[in-house]
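Let's take a walk through a protein model together. Have the sequence and the 3D view ready, and turn the view as you read.

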Amino acid sequence: MRLTFSALIAGLVASPAFAAGDVFFSLRNTDFIVLLAFLLFVGVLIYFKVPKMMGSMLDSRAEGIKSELDEARALREEAQTLLASYERKQQEVKEQADRIVTSAKAEANEAADQARADLEKSIARRMAAAEEQIDSAQAAAVKEVRDQAVVVAIAAAKDVIAKKMTAAEGNALIDSAIAEVDTKLH
């Protein structure tokens with residue numbers, strides 16, 4: 001109440017109407033009517049405790065904003081925690097993928113080395129088999145040439161012996177060969 005009364009006195013003292021020299025406290029003075037209406041309005045506001053209601057509304061609004069800010073901070077922290085977690089997981093997955101790739105390369109290199117070794121062994125076996133076949137073919141060719149040489153030599157010896165030998169000499173030769181075979185077999 002003191003505040004209202006002090007405001008009324010200050011308004012009256014500092015009024016420009018006093019400087020003009022007219023009667024200020026008259027209902028014909030519009031400045032006085034406006035002052036009375038304003039004071040009445042302020043009084044009604046104070047009577048119905050509007051400033052207190054406005055203060056409580058502003059306080060509740062401030063508390064609501066504060067709770068929203070706190071919730072936003074909590075959500076932000078949670079989001080940052082999730083982001084850090086996902087980044088860690090992503091890094092772990094990347095490292096695991098790198099390990100898998102490295103392992104696969106190592107296994108591929110080992111498989112290639114094993115394949116080379118197996119190929120070299122296979123080539124060595126085939127070369128040995130081919131050399132064996134060549135040696136066998138060479139031995140067969142030498143045997144065939146020898147056999148052919150024996151056949152040719154026998155045919156030549158037969159011709160020579162047939163031309164130089166008589167029937168009596170041939171019969172004697174056959175009898176001696178039979179006797180020699182008989183002694184060797186028994």
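Predicted model: local features only at pLDDT ≥ 70, side-chain atom pairs only at ≥ 80, totals over all residues.

Residues are numbered from 1 along each chain as its sequence is written, and side-chain values use heavy atoms, leaving out hydrogens and water.

The protein has five helices and zero strands. Helices (H or I, at least four residues) and strands (E, at least two) are DSSP runs, numbered from the N terminus. Of the 186 residues, 6% count as buried. Here buried means under 20% relative accessible area, exposed means over 50%, and partly exposed lies in between (1.4 Å probe, protein chains only).

Now find residues 29–48, where UniProt, in an unreviewed entry, places the feature "transmembrane region". UniProt positions are given in the numbering used here, feature names are shortened, and annotations may be inferred rather than shown by experiment. This span is 90% helix and 0% strand, and its end C-alpha atoms lie 29 Å apart.

How many aromatic pairs does the structure hold? There are two. Rings of Phe, Tyr and Trp (its six-membered ring) pair if their centres lie within 6.5 Å; planes under 30 degrees apart count as stacked, over 60 as edge-to-face and the rest as tilted. Phe25 and Phe32 are edge-to-face because their planes stand at 80 degrees, with ring centres 5.6 Å apart. Phe25 counts as exposed at 51% relative accessibility, whereas Phe32 counts as buried at 12%. Tyr47 and Phe48 also form an edge-to-face pair, 5.1 Å centre to centre with 80 degrees between the planes. Both Tyr47 and Phe48 are exposed.

Stay with Phe48, which is found in the loop between helix H3 (30–47) and helix H4 (50–164). Lys49 lies in the loop between H3 and H4 as well. Is Lys49 buried or exposed? Lys49 is exposed, because its relative accessible area is 52%. Lys49 has a positive phi of about 55 degrees although it is not a glycine. Most residues other than glycine have a negative phi.
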